[in-house]
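Have the structure open as you read.

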Amino acid sequence: MAWSRAPRQLMDLFAECLPDDPRIQQRKMFGYPAAFVNGNMMAGLFRDQVFARVAPSRRAALETAHGALPFEPMPGRPMKDYVRLPDAIIADEAELADVMTGALTFTAALPPKEKKPRKRL
């Protein structure tokens with residue numbers, strides 16, 4: 001599938017729904033906006049999708065209630081702990097913000113990601 005830009009409205013919504021927390025760093029992943037805490041990615045955009053790293057219990061609830069799917073940036077290659085949020089959640093700004101808060105809580109509890117040393121050429 002060809003690369004496509006995330007819709008501006010979705011990028012704005014994503015930024016608005018992130019918790020106001022100084023631990024969150026925003027940068028690009030896969031060429032799209034993403035949010036990180038302690039060096040670990042907590043949520044982001046991919047094409048016209050929003051994904052988040054959530055606790056297993058939250059992921060199961062999202063799958064049951066909304067039919068959420070695992071986040072797969074490449075078909076058949078799901079990313080562990082990440083879920084692609086369904087349109088029903090994206091359409092509800094308060095619920096999207098709640099999922100982002102849960103993603104922050106879950107991801108912040110993980111050990112900080114250690115930076116790998118740069119390889120010299």
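Is Thr107 buried or exposed? Thr107 is buried, with a relative accessible area of 0%; buried means under 20% relative accessible area, exposed over 50%, and partly exposed in between (1.4 Å probe, protein chains only).

## Before we go on

This is a predicted model, so local features need pLDDT of at least 70 and side-chain atom pairs count only at pLDDT 80 or more, while totals for chains, interfaces and linings use all residues. Residues are numbered from 1 along each chain as its sequence is written, and side-chain values use heavy atoms, with hydrogens and water left out.

## Around Thr107

Thr107 sits in helix H4 (residues 93-108). Helices (H or I, at least four residues) and strands (E, at least two) are DSSP runs, numbered from the N terminus. The Thr107 side chain reaches back to the backbone oxygen of Ala103, at 2.8 Å.

Setting aside neighbours within four places in sequence, Thr107 is in contact (heavy atoms within 4.5 Å) with Val37, Asn40, Met41, Met42 and Arg53.

In helix H1 (residues 8-17), the buried residues are Leu10, Met11, Leu13, Phe14 and Cys17. Looking down the axis of H1, they fall within an arc of 165°, so they line one face of the helix; the arc is that of the directions from the helix axis to the C-beta atoms. On the other side of H1, Arg8, Gln9 and Glu16 are exposed.

What do the buried residues of H1 pack against? Their partners are strands S2 (32-37), S3 (40-46) and S4 (49-53), plus helix H3 (87-90) and H4.

## The core

The largest nonpolar core has 35 residues, and those with the most contacts inside it are Phe14, Met42, Leu45, Val50, Leu85, Leu96 and Met100. Such a core is a set of buried Ala, Val, Leu, Ile, Met, Phe, Trp, Tyr and Cys residues joined through side-chain atoms within 4.5 Å. H1, S2, S3, S4, strand S6 (82-84), H3 and H4 each supply at least two residues of this core.

Take Val50: leaving out residues up to four places away in sequence, Val50 touches several residues, among them Leu10, Phe14, Leu45, Leu85, Leu96 and Met100.

## The whole protein

The protein has 4 helices and 6 strands, running α-β-β-β-β-α-β-β-α-α from the N terminus on. Buried residues make up 40% of its 121 residues. Of the contacts with a separation of 6 or more, 56% are between residues 24 or more positions apart.

Conventions:
Polar contact = N/O pair within 3.5 Å; in protein donor to acceptor, adjacent residues only side chain to side chain.
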